[in-house]
Amino acid sequence: MPCRFGIVRILGPSYALRCVVFHNISATESPFTKGMGVNVTPSDFEAALRFLTRYYTPVCLQDVLEDPAGRGFPPRPILVTFDDGYASIMEWAAPLCGRLGVPAIVFLNAAFLDNAGLAPDNLVCYAANVLGIETINAAVRVVKGADSPKLQCLAEVFSRFFPSISLPERKVFLDALAHLGGINERQLAREAGLYLTRKEVCQLAASDFEIGNHTYTHVHCRSLSPEDIGEEVDRNRAELESLSGKKVRSFSVPYGSSADLRTDLVSHLRRSGHEAIFLSESVANTRGLDRWQVDRVSTHAGSNDGLFLDIEVLPRLRAIRDRLFRSAQSGAKGHGNGLAHECPVGEQRN
Ligand SMILES: [Zn+2]
């Protein structure tokens, strides 16, 4: 394996910071996550963490903020993150990270803590798995009208439908979905127990887990109005800071796409005290790390070969692809160019 790290550098470019993102850790798929691509099994998660601690040097957000150019980083620095606040972070990740000495950032949506409600993605996933895609299409028609094109699968809800609607339209859709499906969302959320409790967030914040912002209700940021940005970004940050007693310094873009990283959002995040922004397009962070656009690799691999491919090989190839694309476009920005890595539905979801 050490030889491989030398060989893969032939691909270039040099890697400034490796960053990985996990979501839910579960041995089985539930109707709330099946088809979203967010699950990793406990055994694969442990294999991944052992791979990371054997071949890399775990770093924390503070290390990155203190040395944004990465000149003083240890060999093969890696930053571990978790998105969406699944309860499994407390059950599986926190104990193992503690034992192996791995600090992490956990990016949360405050609206769903204590299982006060279901994240839109989990509600849609549940509806697709239990009621079928036709129920979702019926709710889509309430928002888009009778002539709206039919969605064929769950992935299209996240990749096509959600990015095309405003926050108020999403609420109409979710209300219609609950009504058409006979779903009592609050009761279902309580029964499912998918997410962390507020008490657990406090416990994580008191350990080596830093709390990060992931919007209040997990939204596609491209559809936010200026008022929405205040509600989704500032409210979430304020609640998480109040809860944890610590400053929220980082923001992870829901669904992970650079297409959602609008200029006005970046300006707002910088003005409001955030110090780093994270994406999930699984592209290598090359030399001259930009802390306002740190990319993360989403991996579900449980073998050394799979993890090496996901973390070392494919992100470099995507970085080369993006660089060639930008050259071909004569300096045009590469974001939202259709070549973006297709993350798991969750992040692309994320
Ligand atoms: Zn997310």
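Biologist: In which loop does arginine 76 lie?

Modeller: Two remarks come before the reply. This is a predicted model, in which local features need pLDDT of at least 70 and side-chain atom pairs count only at pLDDT 80 or more, while totals for chains, interfaces and linings use all residues. Residues are numbered from 1 along each chain as its sequence is written, and side-chain values use heavy atoms, with hydrogens and water left out. Helices (H or I, at least four residues) and strands (E, at least two) are DSSP runs, numbered from the N terminus. Arginine 76 lies in the loop between α3 (61–66) and β5 (77–83).

Biologist: Is arginine 76 buried or exposed, or in between?

Modeller: The scale is relative accessible area: buried means under 20%, exposed over 50%, and partly exposed in between (1.4 Å probe, protein chains only). Arginine 76 has a relative accessible area of 29%, so arginine 76 is partly exposed.

Biologist: Which residues does arginine 76 touch, leaving out those up to four places away in sequence?

Modeller: Contact means heavy atoms within 4.5 Å. On that basis arginine 76 touches Phe5, Arg18, Tyr55, Tyr56 and Thr57. Leucine 52 is 24 residues from arginine 76 in sequence, with 9.6 Å between their C-alpha atoms.

Biologist: What is to be noted about the phi of arginine 76?

Modeller: Most residues other than glycine have a negative phi, and most peptide bonds are trans. The phi of arginine 76 is positive, near 45 degrees, in a residue other than glycine. Tyrosine 255, also not a glycine, has a positive phi of about 75 degrees. Tyrosine 255 is in the loop between β8 and α12 and counts as buried because its relative accessibility is 2%.

Biologist: How is the length of a helix checked, and what span should helix α11 have?

Modeller: The expected span of a helix is 1.5 Å times one less than its number of residues. Helix α11 (residues 226–244) has 19 residues and should therefore span 27 Å; the C-alpha atoms at its ends are 27 Å apart, in agreement. Just after α11, glycine 245 takes a positive phi of about 75 degrees.

Biologist: Which residues of α11 are buried, and what covers them?

Modeller: The buried residues of α11 include Asp228, Ile229, Val233, Arg237 and Leu240. Their cover includes β6 (104–108), α8 (167–181), α10 (198–205), β7 (209–213), β8 (250–252) and α12 (263–271). Aspartate 228 counts as buried because its relative accessibility is 15%. Leaving out residues up to four places away in sequence, aspartate 228 touches Leu167, Ser223 and Val233.

Biologist: What does the same check give for helix α6?

Modeller: Helix α6 (residues 133–144) has 12 residues and should therefore span 16 Å, and its end C-alpha atoms are 16 Å apart, which agrees. Thr135, Ile136, Asn137, Ala139, Val140 and Val143 are buried in α6. These buried residues pack against α5 (120–130), α7 (154–161) and α8.

Biologist: Which residues touch the most other members of the largest nonpolar core?

Modeller: A nonpolar core is a set of buried Ala, Val, Leu, Ile, Met, Phe, Trp, Tyr and Cys residues joined through side-chain atoms within 4.5 Å. The largest one has 83 residues, and Phe82, Val124, Ile136 and Phe173 touch the most other members. Beyond four places in sequence, isoleucine 136 touches Val124, Ala127, Ala128, Leu151, Val157, Phe173 and Leu177.

Biologist: How many cavities of 30 Å³ or more are there?

Modeller: Rolling a probe the size of a water molecule over the atoms shows where empty space is left. On a 1 Å grid over the protein atoms alone, a cavity is a set of points where a 1.4 Å probe fits but cannot get out, and lining residues have an atom within 4 Å of a point. Grid points are joined across faces, edges and corners, and a volume is the space filled by probe spheres set on the points. The count is three cavities of 30 Å³ or more, and the largest cavity holds about 50 Å³. Its lining includes Phe162, Leu167, Arg170, Ser223 and Tyr255.

Technical notes:
1 Å grid on protein atoms, 1.4 Å probe; cavity = no way out; pocket = protein on both sides within 12 Å on 5 of 7 lines; lining within 4 Å.
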